[in-house]
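Biologist: I am new to this structure. Please take a close look at one part of it, the contact between chains, and then go on to what else can be described in the chains themselves.

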Amino acid sequence: MTVIATYNIKGGVGKTSTAVNLAFLAAQNNYKTLVWDLDPQGASSYYFRVKPKVKGGSKELIAGARELDGLIKATDFENLDLLPADFSFRNLDLVLDERKKPTRRLKKLLAPLTKEYDIIFLDCPPNISLLSEAIFEASELLLSPIIPTTLSLRTLEQLKKYIKDNKLKHLQLLPFFSMADRRKKMHRDIIETLAEQHPDILQSIIPYASDIERMGWERMPLGGYMKKSRSVEAYQSLWNEILDLLK
Amino acid sequence: MTATPLYFELPANLTAKKFIAKLNKQIDLQITAQQYSIKTFYDSFDWRLYNANRICEFNHSQHVSQLNLIDRTNGQLIASEKLEHISSFSQQFPAGLFRDNISPVLEMRALLPLSQLPHESYLVNIFNKDKKTVLRLVIDEYEFLNNRVQLIPLKGYEKAHIKVANILQNTLNIKPSICTVLNEALKQQGRKPKDYSSKLSIKLKPDMRADKASKLIYKHLLQAIQINEADTIADTDTEFLHDFRVAVRRTRAGLSQIKNTLPSDIVSKNAEFFAWLGQITGPTRDLDVYLLSYQHYKQSLPLTLRDDIEPLYTFLKQKQDQAQKDLSEKLKSPNYNKKLLAWEQYLNESLPKKGKAGHANQTIKELADIRIWKVYQRVLKEGGKITAQSPAEALHDLRKTCKKLRYLLEFFQSLYPQNQIKNLIKALKGFQAVLGDFQDYEIQELSIKAFSEEMMQNQTPSKTLLAMGVLVQYLDSMKCNARNHFAEQFGLFVQAKNKSTFKQLFNNKA
């Protein structure tokens, strides 16, 4: 089982659409896949038409009072399940803080799912918090979408520093460009410069495209309503890069 | 864990479309696919999957072909593979859950098609108010069977599963059914599950005339020979020949052990014929055993020698191919067919009012008591004489006597209390296992040695011959191991409890 977190300190960079679309592709490739919607806004739950509600809320979930397996919902797609968000997840930091070894908590909760799933995507809320520390502890890959702006460069460097300072050696950071608008000169320039300065940035670039925005209207992953487009190809290419790393 | 699927049988004349229309009045749904499909059930000839509560079905349509392994007791899907065609042997399937599940059950047996059912399949999604799929339905529309509905629950939406099941039962008056149409499909062919087993089950009555009972036994055995004949010739898997040979051996044991029930000319003529059948089937079976043991042989070698032994497999396979070809020709020969037909005709002839042979008119129970007791005494005598210094032949002779006793117990088991005779057979089986191992390892040791001499002539690399030498040493150590267990196993067989049961069942003079 591989745990992949989609994470960025900044919000609105395409974390949820990345988690949802890559999970869809993983499931299509016959990997038993789970998306855990950890963001209280519940965007990935919304995309899968699943009510953002978890029995017992964050408190019981983190306490381990309920097995995660009993809270999981099947999506409309084969091999793809979802652990929905709950509004109480806004307090996850506080709930974690009450536990012993809070940063190891998520990893412990995920352990029983090893047999059932090949890949688990953690769709994370923005900010660096106790929850993100627990997410870093539980994940092997940290997939971080970056919009090609100067500010994004700063957040990427902050994240790298954080991983280094906290000696998270098990965690592989995988930044990639997201919401890239080729019509904007600034985007093109930054992609070029950043790619040179940061060879660890993945090759695939997710475009800023209306068909990705349509996910909110269709309430399903891109591949559920569109077979071929530049965006579909971009996610496929990103998935192939990740798959190469998993092999 | 997801709930298990539920199954329903639609009443006659209720088409899938009418049913969907009725259901649509109650809930929001959508037909997502409709396709012509052929459902083929698979199992081994001896029903290994069915006996392990598994159903293997292959649904083949123009767009998708899926092989499913289903738990027969609750309809839960155990494993599923998207495949274009079905392989014969478990090791030929792609690695994964399906193969992992069938391999230990099927072992060396081939997966064979049992029955085919063409049908129109409808896939239906049931939605909640957010248009989220909360349940899937598969409706199979058959030509000659009532149509079936399968409710496939989705994780986390168990309430919808129960709700729709209630609508089907209480509002639409549709009855739940078992998870598979296998039984119905077989019924159309005049078959039923588990209609073949290599185990003997002959129902005799104690007061039956001995010649009549022995004919009944031979008829059962002849049937086993005939059932396994075509696939023995076709070499479908190794166990057809194995079962064929067991039936031949049992017939031979019957002819020699159920004494004086049939006319002596019939017995001597057929004893010769079945001895010939035993002899012509031997080489192929031996080579089958070596090939089946090959992986075990390989594993027994040190890691560094394992690849070196590969040429032995090719050598054995070539020999087996030739032996199989020779055997097939013999089993297709007029000589074989004529003799087997004559035996069948004789068994079907009505009995004379009074049998000519010495024991023909005795009751079968009297004869069975005498024969089993006599052969049992022989086992005790021969076994009791065996010491650590006894030659291998003494153990081989004892093995043959034990086999005779085993066959007699099996032929006549319906004449005795089931529990007691089953316990005796079980005790004997344990003892026979040691004798069998001793014999098998000895023969294998000698054969591998002989093969290595033959292979030496064919310029086989010396590293292969070296690996075979190590294998011979291993087989020798296993043979000695079996020999060392003899006294313990014999002791278990002759323990007081078994002795008194033998006496009570077969020599109860009181």
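Modeller: The contact between the chains draws nine residues from chain B and eight residues from chain A. On the side of chain B that touches chain A, three residues are nonpolar, two are polar and four are charged. Keep in mind that this is a predicted model.

Next, chain A and its strands. Strand β4 of chain A, residues 80-83, is covered on both faces. L80(A) and L82(A) are buried on one side of β4(A), and D81(A) and L83(A) are buried on the other. Strand β2 of chain A, residues 33-37, runs parallel to β4(A), and four bridges join them. Within this pairing, T33(A) lies opposite L80(A), a residue that is itself buried. Strand β3 of chain A, residues 73-74, also pairs with β4(A), but in the antiparallel sense and over two bridges. Here A74(A) is the residue opposite D81(A), and D81(A) too is buried. β3(A) and β4(A) form a hairpin, with five residues between the strands. One residue in that turn, N79(A), has a positive phi of about 70°.

In chain B, the description turns to helices. Helix α6 of chain B, residues 210-234, and helix α10 of chain B, residues 334-348, have axes that come within 10 Å and cross at roughly 145°. The crossing of α6(B) and α10(B) is left-handed. On the α6(B) side, the contact is made by K215(B), Y218(B), K219(B) and L222(B), while α10(B) contributes W343(B), E344(B) and L347(B). By class, the residues of this contact between α6(B) and α10(B) are four nonpolar, no polar and three charged.

Another helix of chain B, α15, spans residues 496-506, and its buried residues are F502(B), L505(B) and F506(B). These three lie on the same side of α15(B) because the arc they cover around the axis is only 80°. The other side of α15(B) carries A496(B), K497(B) and S500(B), which are exposed.

Technical notes: Residues are numbered from 1 along each chain as its sequence is written. Chains are lettered from A and ligands numbered from 1 in the order in which they are written. This is a predicted model: local features need pLDDT of at least 70, side-chain atom pairs count only at pLDDT 80 or more; totals for chains, interfaces and linings use all residues. Axes are lines fitted to C-alpha atoms, for helices over the stretch in contact, and angles run from 0 to 180 degrees between N-to-C directions. A crossing is left-handed if the near helix is turned anticlockwise from the far one by less than a right angle, and right-handed if clockwise. Two residues are in contact if their C-beta atoms, placed from the backbone, lie within 7 Å. Ala, Val, Leu, Ile, Met, Phe, Trp, Tyr, Cys and Pro count as nonpolar, Asp, Glu, Lys and Arg as charged, and the others, Gly among them, as polar. A residue is buried if 20 or more other C-beta atoms lie within 10 Å of its own, exposed if 12 or fewer, and partly exposed in between; C-beta atoms are placed from the backbone. Two strands pair if DSSP finds at least two bridges between them. The arc is that of the directions from the helix axis to the C-beta atoms.
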